[in-house]
Amino acid sequence: MNIFITSTDTDVGKTYVCRGIVQELLKRGKKTGYFKPLQSGIVPDILSDADNVKKGIKNQNNLILKNSYITNTPCTPSISAKIDGVEISLDKIEQDYKSLAKECDIVVTEGSGGLFVPVNENSMVSDVIKKLNLPVIVVARPNLGTINHILLTLNALRTLNIKILGVVISNYPKNTNDPAIITAPELIEKFGSIKILDIIKENDNNFEKIADEILMQ
């Protein structure tokens with residue numbers, strides 16, 4: 001099953017989770033595509049998300065990386081594209097995705113920020129997901145406030161009739177006594193009526209559970 005990785009916010013570990021999933025799929029012999037339709041903020045000495053995904057993967061023979069648009073200013077894709085004089089087309093994104101999907105056993109698509117990030121004057125990331133007709137994994141941070149952010153995201157996805165595979169909590173501290181962090185997963189599952197696919201601790205490289213869930217679909 002091809003999958004779209006979104007998040008509750010920016011900088012919550014979405015690319016790290018994508019890399020872990022891609023690496024696990026490659027280990028299982030799957031020809032894997034990583035698709036980042038909208039990459040903004042390419043500046044010297046900072047790796048793109050695709051480069052970050054590729055980094056540390058030893059066997060890259062079965063890995064294909066693809067972007068539809070790469071812009072320079074690190075901000076919302078619609079603004080970054082406008083600054084660079086680029087017009088973002090959802091049709092082109094769809095064509096690029098379908099082309100990549102034909103070459104691969106599975107494609108992992110990474111969004112930009114959360115659901116309601118503008119990608120052009122008329123569309124948001126949620127429209128990209130609808131256009132590609134992909135199920136979603138939501139990546140979220142572990143700390144105070146994450147319950148509200150996740151429940152809002154889940155509600156929005158359901159309103160849009162987008163299939164949700166589950167939630168991944170990223171950057172979970174290895175040793176914590178914080179009750180907000182410790183109790184969040186149970187409360188998210190209860191009030192969100194959703195499965196926590198995995199809790200990824202800091203610097204954790206085990207993504208077997210998430211890969212299992214993707215491949216079972």
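What radius of gyration would a compact globule with 217 residues have, and what does the protein chain have?

1. Overall dimensions. This is a predicted model. A compact globule with 217 residues would have a radius of gyration near 17 Å, and the protein chain has 17 Å, so the two agree. The C-alpha trace spans about 50 × 40 × 35 Å along its principal axes. Eight helices and seven strands are present in the protein chain.

2. The sheet. The seven strands form an open sheet, and their order is β3-β2-β4-β1-β5-β6-β7. The pairing is parallel. β3 (63-71) and β7 (196-201) are at the edges with a single partner strand each, so one side of each has no neighbour in the sheet. From one strand to the next, the twist averages 20°.

3. β7 pairs with β6 (residues 164-172) in the parallel sense, over four bridges. Within this part of the sheet, Tyr 172 stands opposite Lys 201 of β7.

4. Helix α6 against α7. Helix α7 (residues 179-192) packs with α6 at an angle of about 30°, and the axes are 10 Å apart. The pair is therefore roughly parallel. The crossing of α6 and α7 is right-handed. On the α6 side the contact is made by Thr 146, Ile 147, Ile 150, Leu 151, Leu 154 and Arg 158. The α7 side contributes Ala 184, Leu 187, Ile 188, Phe 191 and Gly 192. By class, the contact of α6 with α7 has eight nonpolar residues, two polar and one charged.

5. Helix α4 against α5. Helix α4 (residues 90-103) and helix α5 (residues 125-132) have axes that come within 10 Å and cross at roughly 45°. These two helices are therefore oblique to each other, and the crossing of α4 and α5 is right-handed. From α4 the contact takes Leu 90, Asp 91, Ile 93, Glu 94 and Tyr 97, while α5 supplies Asp 127, Val 128, Lys 131 and Leu 132. In the contact of α4 with α5, five residues are nonpolar and four are charged, with no polar ones.

6. Helix α1 against α8. What is the relation between helix α1 (residues 14-27) and helix α8 (residues 208-216), whose axes come within 9 Å? The axes cross at roughly 70°, which means that α1 is roughly perpendicular to α8. Ile 21, Glu 24 and Leu 25 of α1 meet Glu 208, Ile 210, Ala 211, Ile 214 and Leu 215 of α8. Six residues in the contact of α1 with α8 are nonpolar and two are charged; none is polar.

Note on methods:
Residues numbered from 1 in each chain as written. Predicted model: local features only at pLDDT ≥ 70, side-chain atom pairs only at ≥ 80, totals over all residues. Heavy atoms only, no water. Pairing = 2+ DSSP bridges. Axes fitted to C-alpha atoms, helices over the stretch in contact; angles between N-to-C directions. Parallel < 35°, antiparallel > 145°, perpendicular 65-115°, else oblique. Left-handed = near helix turned anticlockwise from the far one by under 90°. Contact = heavy atoms within 4.5 Å. Nonpolar A, V, L, I, M, F, W, Y, C, P; charged D, E, K, R; others polar. Rg over C-alpha atoms; globule rule 2.2 N^0.38 Å.
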